[in-house]
Structures are given as structure tokens and as C-alpha cells.
Amino acid sequence: MKTIPAHQGKKHSRETAGEKVFNVADIVIMLIVCVIILIPMLNVVSVSMSDDKYVAAAQVSFWPRGLNFKAYETVLQSNKLLRSFLNTVFVTICSCVCSLTMTCLAAYPLAYGKFYGKRIYSLMILLTMWFSGGMIPTYMVINKLGLINSLASLIIVPLIMAYYVVVLRAFFASIPVSLIESARIDGAGEFQILWSVVIPLSKAALATTGLWTIVARWNEFLNPILYLKDYRKYTMQIVLRDIVLASSASQYDIDMESTALGEQVRNATIVVTMLPVLVVYPFLQKHFVKGVMLGAVKG
Amino acid sequence: MKRKRPSAAVIRKNIWKNRDMYLMIFPVTVYYLIIHYWAMGWLAISFYDYKLLKGFAGSKFVGLQNFEKFVTGLNFGTVIVNTLLLNFYTLIFFFPMPIIFALLLNEIKSTKYKKFVQTVSYMPHFLSAVVVVSILNVVLSPSVGFVNGFLKTLGMDSVYFMGDAKYFRGVYVMSSIWQETGWSAIIYISALSGIDQSLYEAARIDGAGKLRQIWHVSLPGIRETIILLLIMRIGNMVNLTFEKPYLMQNALNTSVSEVLSTYTYKIGMVRGNYSQATAIGLFSSLVSLIFVLSANYLSSKVTDTSLF
């Protein structure tokens with residue numbers, strides 16, 4: 001099926017001069033928008049691969065000049081930085097698995113349950129969309145749990161997002177109840193129904209919430225700076241902040257001063273931090289976008 | 001009509017029948033009680049002069065003193081004005097961008113080109129605040145950044161965008177436009193795709209050009225979406241994420257970059273005054289709750305569809 005709207009299909013026959021001008025202008029404007037969006041990212045990539053004499057003179061724009069990968073060699077040599085990278089991967093994967101499991105467990109009873117306490121249970125979850133303890137009280141809780149300076153804090157604090165529960169519940173509720181009922185009649189327990197009926201039918205919604213969780217965890221900065229206290233636990237976002245914004249690369253055993261690679265190293269660290277998300281994104285774009293409309297289905 | 005209270009035996013039977021459901025909500029409830037509701041309990045320290053080592057028993061109850069100290073303090077006006085102004089500029093300059101973008105994108109005929117533009121324009125949304133601020137620092141650097149390199153070739157002096165307080169709000173809003181315009185347009189794009197295409201044809205027959213079609217068909221078609229999002233945006237007037245203002249902050253621009261969230265962090269985590277910081281946090285979440293609730297009320301009046 002073509003998705004071209006009808007009024008545009010018919011237009012081939014007689015397009016007025018004004019419309020032609022508009023259409024060309026529209027294409028050009030969109031092209032400019034794309035260029036503006038891509039330029040800063042291209043510039044960062046180019047500088048990270050350029051020779052110092054061009055970088056120092058601010059002569060690198062959108063392609064590398066004096067192409068070399070010395071900055072990447074410097075960055076990837078640092079064991080401390082690699083460790084942070086692995087920390088981030090670990091937190092992201094664990095968080096995705098744990099959050100999806102818990103969100104399913106939270107949403108399923110809301111969609112299909114008829115049990116005492118359902119209203120108060122639902123209220124308990126939804127209330128957190130409106131009001132929360134905030135930065136310091138949550139810090140106090142993590143402190144009391146003894147999770148300061150532990151990667152587990154980064155997984156536990158955002159374990160269930162009320163909004164994702166609402167999205168999943170709306171999606172679960174769109175599955176025909178007859179399927180659930182007939183499974184119940186066949187004697188299946190609720191866990192079994194969730195696992196073998198509901199989850200296989202909700203792959204799209206689960207992909208979306210899972211991907212959002214992955215991106216959110218990879219990009220998170222506030223929780224890491226609140227809860228992590230030493231560099232062995234740091235995630236990439238903190239490393240990036242330290243190297244680019246605080247210019248303290250030496251704590252990661254990266255020598256920026258004597259190698260004349262300071263600027264390239266900064267840019268290379270940005271590239272290393274943003275690349276995993278940007279490489280994955282184009283292939284999974286439709287899942288990311290689908291979720292926005294899922295959220296529009298008000299629970 | 002009042003329902004008859006079920007007998008204890010019926011309740012017990014219902015609970016036993018739903019044991020799987022209770023097993024499911026058990027871990028969820030534990031999580032919410034500990035991470036969210038225990039944390040809300042900790043809001044109580046805003047009424048104490050709380051000392052971490054002494055606990056509640058050893059800390060002095062001070063009533064509203066922490067709130068008073070914040071509201072009458074020197075920084076109160078600055079922090080509130082900074083928060084509101086940053087949101088206000090975002091409202092004025094950022095809010096129309098996704099609408100304009102969606103309207104123009106909607107008129108692109110080639111589906112392939114449309115798809116390409118969408119892919120590119122959504123991309124910056126997935127960058128973290130640290131990455132965006134790092135890119136800003138690198139690209140706007142007065143010595144080696146390409147923006148200043150460009151200014152220099154035009155014969156202008158280089159500008160220290162990130163260090164000068166007067167550029168802070170501009171850079172903040174512009175980078176938000178760069179990062180979020182495409183993504184925020186999704187909801188408008190989908191609203192536009194729901195407009196009856198025969199309306200465009202009718203407008204064409206009446207001799208309406210493209211711009212008039214946009215004005216008279218497209219815009220009215222997404223009117224409700226615009227109003228809803230506008231109200232939501234105003235409801236979030238007091239909210240400001242912590243990350244971007246904090247990361248863009250430096251010694252030279254605190255006069256304009258200190259907002260409620262960064263101030264809370266500074267008082268609590270840097271100075272270690274947990275009680276004072278919790279009071280500031282509680283103050284801002286109460287004010288923002290009032291804003292959001294009024295916005296929700298307003299939107300339910302305007303469109304008879306409540307946001308939540």
C-alpha cells in the first residue's frame with residue numbers, strides 16, 4: 001500500500017506555478033534543516049580524526065583534515081575509560097531486563113485483574129507521576145539501603161516508570177479478553193498467561209519501552225553523579241563530563257597536555273559516548289516512534 | 001445504591017483465587033513503597049535541622065524555618081526568575097518550531113525524502129545532555145570551534161558563547177530547538193495525517209494556494225493538539241530538568257544559569273545541607289504540582305479530554 005495521500009497523487013496533472021515554487025522551497029528548507037542538524041555532529045567526528053595543525057587553527061569543518069586515529073588510540077588505551085564503558089553496558093542491559101520484567105508484572109494485574117486492593121494499587125503507581133520525593137529524599141533512601149557507590153542503585157531507582165506501566169496496560173488491554181479467558185478456562189495460571197499469551201502479543205510495546213529504557217540508562221547523568229563516588233564505578237556520561245567539560249582527563253590516565261591531542265581526545269570521547277546509541281537508532285527508529293503514539297493512548 | 005459487603009469467606013475465596021495477581025503485585029509494591037513512598041517520608045527532614053550522623057532523634061525540629069530561609073534568602077529571586085525565564089524563552093521560541101516543521105514536512109511528496117528528513121531530525125533527541133553540552137563546548141569554543149572559525153573568516157571577533165552570561169539563555173534555547181524540534185513534531189505529524197484529504201482538494205478547487213491550504217486546512221486540523229501541548233508546556237513552567245542547566249553552568253554564568261534544580265543540588269550535595277535542600281525541592285514540587293493540576297483542569301475544560 002502506498003501511503004501517499006490522495007490529494008498529492010492527483011496533482012501530477014496540473015500543478016500551478018505557485019505550487020511548484022512552494023514545493024521546491026519546501027524541499028530546500030528541509031534540506032537546510034537536515035544540514036543544520038548534522039553539521040555539529042559531523043564537526044565533532046571530523047575534529048576527532050584531524051591533524052593538530054588544522055585543529056588548532058579552527059580549520060576543520062565537516063570532513064577530517066590530515067586524517068589519523070591517534071586520539072582514538074589514546075582514548076581506548078585508557079583502562080579506566082574502558083571500565084566505565086563496560087559499567088555503562090552492564091547497567092544498561094541489566095536495567096532493560098529488570099525494568100521490562102517488573103513493568104510487565106505491574107501492568108498485567110491492572111489490565112486483567114479483579115482483586116481486592118486494585119484501586120489503591122493503581123493509585124500507588126499513578127501518584128508517582130504527579131509527586132515524588134525528589135533528589136535528596138531519594139538519595140537518603142539509597143544511602144539507608146547501603147547502595148551508595150554501587151551500580152545497582154542506577155538500576156533500582158528507575159526500575160519501574162509509572163508512565164511505562166500506563167503504556168503497557170493500555171497495550172495489554174487492547175488484546176482480546178477472550179484469549180485470556182479461554183486460557184484461564186484451559187487451566188493456565190496468570191503467570192503462564194502473561195508469559196505465553198500476553199507477552200508474545202505485545203512485542204511491539206515491549207520493544208518500545210525496552211529501547212526507551214536502554215537509551216535513558218545509557219544517557220543518564222543525574223543518578224550517576226548522585227550515587228557513584230569513585231572512578232571505578234563511573235559511567236560514560238561522567239567520564240565525558242570530566243574529560244570535555246571539566247578538562248580533568250588525567251584521572252583516567254589520558255594525557256591531553258603533552259601529546260598536543262587535547263582537542264581531538266575531547267571530540268573522540270564524545271564520539272565514543274554517542275556512537276552506540278546513534279548506530280542502533282536508525283534500524284530501530286520505527287519502534288522508538290511507535291511508542292510516542294502508544295503513549296498518546298491515554299490509560 | 002450501596003453494595004452489600006461481602007462476607008469474610010467470600011473475600012478469602014477471592015484472595016485465594018487471585019493469588020497469582022497478588023504474587024505479581026508483591027515485588028512491584030515493595031519497590032514503590034521503598035523507593036517512592038519511603039523517599040516521600042524523608043521529605044520530613046525539611047522540617048528538621050537534620051544531621052546525617054545523628055538521625056531524627058538527635059536532630060532539632062525547626063518547623064518551617066528551612067522554607068523561610070529559602071524564600072527570604074538572597075538567591076530566591078534569582079533562582080525563580082532564572083527558572084521562569086528559561087522556560088518562558090523555551091515557550092516563545094521553541095514551542096512553534098515543531099509545528100512549523102511538521103506543517104512543512106507534511107507537504108513533502110516523496111515518501112523516501114520525508115522518511116530521510118524524519119530520521120535525521122529525530123536523531124539529536126537520543127543524545128544525552130552531557131553529549132549535547134560537550135558538543136556545544138567544542139563547536140562554540142572561542143579558540144578552536146568551527147563557529148568562531150567561521151565568524152573569524154567573516155572578519156568578526158570570536159565570541160566566548162559558553163562563558164558569557166548574556167549568551168547562556170540563547171545557547172540553551174537554540175540547542176533545545178536543535179535537539180528536540182524533530183522529535184516533538186511526531187505528535188503533530190500524526191495529527192496531520194489524520195486530516196481528511198478531500199478538504200485539501202476542495203480548498204484547491206476554491207483557488208487556495210499552498211500557504212492558504214496550510215492556514216485554512218492543516219492548522220485548524222491540528223488546533224486541538226496544539227492547545228493541549230501548549231497547556232501542558234505552561235503546566236511545566238516551573239519544572240526544569242537538572243542536567244542541561246547544571247552542565248552548562250560555570251563560574252561566569254551562575255547569575256543566569258542557577259535554577260531550582262541546580263540550586264537544590266548545590267545546597268544538598270555540595271554543601272551537605274540536606275534539610276535546606278529538601279525544603280527547596282519540596283517547595284518546587286508543590287508549586288509545580290499546582291501548575292500541572294491547573295493545566296490539566298484547564299485542558300479538560302478546553303477539549304473535554306483530560307491529559308491523564
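Colleague: What percentage of the 308 residues in chain B is buried?

Modeller: Buried residues make up 39% of them. Buried here takes 20 or more other C-beta atoms within 10 Å of a residue's own, with C-beta atoms placed from the backbone. This is a predicted model, where local features need pLDDT of at least 70 and side-chain atom pairs pLDDT 80 or more, while totals for chains, interfaces and linings use all residues. Residues are numbered from 1 along each chain, chains are lettered from A and ligands numbered from 1, both in the order written.

Colleague: Why is chain B called more spread out than a compact globule?

Modeller: Chain B has 18 helices and 2 strands (DSSP runs: H or I, at least four residues, and E, at least two). Its radius of gyration is 26 Å, well over the 19 Å from the globule rule for 308 residues, so chain B is more spread out. The rule is 2.2 Å times the number of residues to the power 0.38, and the radius is taken over C-alpha atoms. Those atoms of chain B fill a box of roughly 75 × 65 × 35 Å along the principal axes.

Colleague: How do you know whether α2(A) and α7(B) are roughly parallel or antiparallel?

Modeller: Helix α2 (residues 17–48) of chain A and helix α7 (residues 111–122) of chain B pack at about 30 degrees, axes 9 Å apart. Under 35 degrees counts as roughly parallel, over 145 as roughly antiparallel, 65 to 115 as roughly perpendicular, the rest as oblique. The pair is therefore roughly parallel.

Colleague: What makes the contact between α2(A) and α7(B)?

Modeller: Contact needs C-beta atoms within 7 Å. From α2(A) come A:M30, A:V33, A:C34, A:I37 and A:L38; from α7(B) come B:V117, B:V120 and B:S121.

Methods: Axes are lines fitted to C-alpha atoms, for helices over the stretch in contact, and angles run from 0 to 180 degrees between N-to-C directions. Two residues are in contact if their C-beta atoms, placed from the backbone, lie within 7 Å. A residue is buried if 20 or more other C-beta atoms lie within 10 Å of its own, exposed if 12 or fewer, and partly exposed in between; C-beta atoms are placed from the backbone.
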